[in-house]
Amino acid sequence: MIEIIVPATTANVGPGFDCLGIALDLYNKFYFEEIENGLIIEGCDNKYKNEDNLVYSSMRYYFDTVKPDRVPNGVKIVIEDNIPICRGLGSSATCIVAGVLAADALTGTNLSKDELLKIACEIEGHPDNVAPAIFGNMMVCITDGDDLHYDVVKVPEELKFCAFIPEFKLSTEQARNVLPTEVSHIDAVFNVGRVSMLISSMLNKNFDLLKVACQDKLHQAYRGTLINGYENIIDYANKIGALGVFISGSGSTIMSLILEDENFKNNMISYFAKHDIKWDIKDLNCDLNGAVVNYI
């Protein structure tokens, strides 16, 4: 049996639309076992227990693309889902990464991480979630035609993450539909400057720059309209000491960058209770290793 553990991710990270992502220490676990024939899927809703399951369809994509010498006649997949679905924490990316890594392991092909990332990106459509899910840490990813380029940014260990996770889902398609088809040159320059500042402030541990560096003109204001209380929550988090606040992925989760501070979480819990906001709050750290494959 093969166990694959894949971390959650927070993508975009403010101004880094479709090009920045950070792995977090919240994990989905997947178990794969070759069987005589057929497909068995456990641990998810019945509507996902079929060949359209994203984990299995990602495996099939690997088989069709790589064409390994040997493909299993049947497979049993058990899913242990700990990452909230459709909340902007990369739950779909974990399924894709797990499926690709499982197909590679079950066939004994042993592709490089670069090759596995390329396949995962072809399935996902963009790299900002799957790249940190595979490699860990913070990833900067760009495409140049068919070529994918990436670099790793080491997230300072002092930097912590506090996720405000709503009870409602927000699909990527819904979040993309509210975005404009064109942006102004002024807004583009605004984001170029801030994404550059975001990376440099992380590398140099200039945490006082993160608040302005997390600002964005390309997607957050539009997606914020889909999240009740969005501006008030961000304003309050900034007021009580957040280093930076941004929408995680396409939402609905709002992510705060903080230093170690128990009062921050307690203050946010009090704020949500006062305003009858029934959201979950999780303290998280950066995952440094990315997806792990264990043979058990």
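Trainee: With which side chain does the side chain of Asn-191 make a polar contact?

Mentor: A polar contact is a pair of N or O atoms within 3.5 Å; within protein, one must be able to donate a hydrogen and the other to accept it, and residues adjacent in sequence count only if both atoms are side-chain atoms. Here the partner is the side chain of Asp-216, at 2.8 Å. The side chain of Asn-191 also reaches the backbone nitrogen of Lys-217, at 2.8 Å. The model is predicted, so local features need pLDDT of at least 70 and side-chain atom pairs count only at pLDDT 80 or more, while totals for chains, interfaces and linings use all residues. Residues are numbered from 1 along each chain as its sequence is written, and side-chain values use heavy atoms, with hydrogens and water left out.

Trainee: In which helix does Asn-191 lie, and is Asn-191 buried or exposed?

Mentor: Helices (H or I, at least four residues) and strands (E, at least two) are DSSP runs, numbered from the N terminus. Asn-191 lies in helix H6, residues 185–203. Buried means under 20% relative accessible area, exposed over 50%, and partly exposed in between (1.4 Å probe, protein chains only). Asn-191 has 3% relative accessibility and therefore counts as buried.

Trainee: Which residues does Asn-191 touch?

Mentor: Contact means heavy atoms within 4.5 Å. Leaving out residues up to four places away in sequence, Asn-191 touches Pro-15, Asp-216, Lys-217 and Leu-218. Ile-296 is 105 residues from Asn-191 along the chain, and their C-alpha atoms are separated by 46 Å.

Trainee: What does Arg-223 touch?

Mentor: Apart from residues up to four places away in sequence, Arg-223 touches Asn-12, Phe-17, Ala-175, Arg-176, Val-178, Leu-179, Ile-247, Gly-249 and Ser-250. Arg-223 lies in helix H8, residues 220–224, and counts as buried because its relative accessibility is 1%.

Trainee: What should the residues of helix H1 span?

Mentor: The expected span of a helix is 1.5 Å times one less than its number of residues. H1 has 13 residues (54–66) and so should span 18 Å; its end C-alpha atoms are 18 Å apart, which agrees.

Trainee: Which residues of H1 are buried?

Mentor: They are Val-55, Tyr-56, Ser-58, Met-59, Tyr-62 and Phe-63. These residues cover an arc of only 160° around the axis, which puts them on the same side of H1. The arc is that of the directions from the helix axis to the C-beta atoms. The buried residues of H1 pack against strands E2 (20–35), E3 (38–42) and E4 (74–80), and against helices H2 (91–107) and H3 (113–124).

Trainee: What caps the N-terminal end of H1, and which residue follows H1?

Mentor: Asn-53 is the cap, with a side-chain oxygen 2.8 Å from the backbone nitrogen of Val-55. Lys-67 follows H1, and its phi is positive, near 55°.

Trainee: At what angle do the axes of helices H9 and H10 cross?

Mentor: Two packed helices are described by the angle between their axes and the distance between the axes. Axes are lines fitted to C-alpha atoms, for helices over the stretch in contact, and angles run from 0 to 180 degrees between N-to-C directions. The axes of H9 (residues 230–239) and H10 (residues 262–274) cross at roughly 145° and come within 11 Å. The contact is made by Asn-232, Ile-233, Tyr-236 and Ala-237 of H9, with Phe-264, Asn-267, Met-268, Tyr-271 and Phe-272 of H10.

Trainee: Which residues of H9 are buried, and which exposed residues does the face turned away carry?

Mentor: Tyr-230, Ile-233, Ile-234 and Ala-237 are the buried ones. They cover an arc of only 95° around the axis, which puts them on the same side of H9. The face turned away from that buried side carries the exposed Glu-231, Asp-235 and Lys-239. The cover over the buried residues of H9 includes strand E7 (160–165), H8, E8, E9 and H10.

Trainee: Which residues are joined by a cis peptide bond?

Mentor: Most residues other than glycine have a negative phi, and most peptide bonds are trans. The cis bond joins Gly-251 and Ser-252, with omega about 15°. Ser-252 lies in the loop between strands E8 (244–247) and E9 (254–258).

Trainee: What is the phi of Val-13, and what is that of Asp-276?

Mentor: Val-13 is not a glycine, yet has a positive phi of about 50°. Val-13 sits in the loop between strand E1 (2–11) and E2, and is buried, with a relative accessible area of 0%. Asp-276, also other than glycine, has a positive phi near 55°. Its place is in the loop between H10 and strand E10 (280–284), and at 56% relative accessibility Asp-276 counts as exposed.
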